[in-house]
Amino acid sequence: MARYEIFVTYKNGIFDPPGATAERALANLGYEGVESVQIGKYIRLAGDVDLATVTEVCEKLLANPVIEDFRVETVEEA
Amino acid sequence: MRFGVVRFPGSNCEQDIIGACDYLGLKADYIWHGDTDISGYDAIVLPGGFSYGDYIRTGAVARFSPVMAEVVRFAEKGGPILGVCNGFQILTEAHLLPGALLRNRGLKFICKTVDLRVDGACDWLQQPQDTVLQIPINHNEGNYTCDAQTLERLNANGQVVLRYCEPDGSSADDGSAPNGSLDDIAGVCNERGNVFGLMPHPERVVDPVGGGTDGQPFFTTIVRTLAEVAG
């Protein structure tokens, strides 16, 4: 069985409301060094599927290519 | 002339669409999302709600409901489709409309009546330019976005049918959209003008008991458009 980790984030230039809110909250807490926060999704997918299929389901369902980028990493079995 | 209102698991405004049609004396039936035959309907409405619990992204799962393949074919033939709120989100996920709807700026669910300026026309709405309509919104993900080229194309083609505005119809310098929408966009249509999606709920202001009648033109306009096509 193959295991994958998928990271979905907004494309550059797409406003990220939760990230912007976290940025303001951290500034309010006094963490002045924090310049930006972007919040995305982390997905773990496992099964008898190859990387090409995982990429296909990301394009089709797990991410929206209009607003999001995604990155797939294959998890090596220990 | 018969409206078909698609009921997805988690839709919750489909009765309001049927109620608006009833009030105006128009025929309307529910279509189950698992159905694959939508022949017999002249106009399709995707209602508001929380289809599939809004999981993954709003509209992302509903877009693959069995009925949607037929809805896409209907759109390609020029059939009129209206997407309200979650219906708008489903139409963008299905790529029948450009752009996408993000979480509201400020992360608040917004439920209130807003002022909307008519900036364009489509099969579902043909009001004089700059008409101001008052229609309620009721959403958490209504923050419209698209890339710069798409925005340019939408503006050049007059595809931005409705914009959030001030009560006098003007646009505030820092934006009039309560949800942070790009360019104050509240509703867009496709190039052909048969597919129209908007975040506000016109069906709620058809019967005056809902607090207004500014939603009536959406239903009466499509009836007129179809009558003209039929000649």
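Predicted model: local features only at pLDDT ≥ 70, side-chain atom pairs only at ≥ 80, totals over all residues.
Local features were taken only at pLDDT of at least 70 and side-chain atom pairs at pLDDT 80 or more, whereas totals for chains, interfaces and linings use all residues. Residues are numbered from 1 along each chain as its sequence is written, chains are lettered from A in the order in which they are written, and side-chain values use heavy atoms, with hydrogens and water left out.

In the interface, 15 residues of chain A are in contact with 16 residues of chain B (heavy atoms within 4.5 Å). The two chains bury about 1300 Å² between them, 67% of it on carbon and sulfur atoms; this area is the accessible area (1.4 Å probe) lost on putting the two parts together, summed over both.

One salt bridge was found across the interface of chain A and chain B (a side-chain nitrogen of Lys or Arg within 4 Å of a carboxyl oxygen of Asp or Glu). The salt bridge joins the side chains of Glu68(A) and Arg57(B), at 3.8 Å from N to O. On the side of chain A that touches chain B, the elements giving two or more residues are α1 (17–28) and α2 (51–62) of chain A (helices are DSSP runs of H or I, at least four residues, numbered from the N terminus).

Helix α3 of chain B, residues 86–93, is mostly covered, with 8 of its 8 residues buried (under 20% relative accessible area, 1.4 Å probe, protein chains only). Among the buried residues of α3(B) are Phe88(B), Ile90(B) and Leu91(B), as well as Glu93(B). His95(B) follows α3(B) and has a positive phi, near 60°.

Terms used
Buried < 20%, exposed > 50% of the residue type's maximum accessible area, 1.4 Å probe, protein only.
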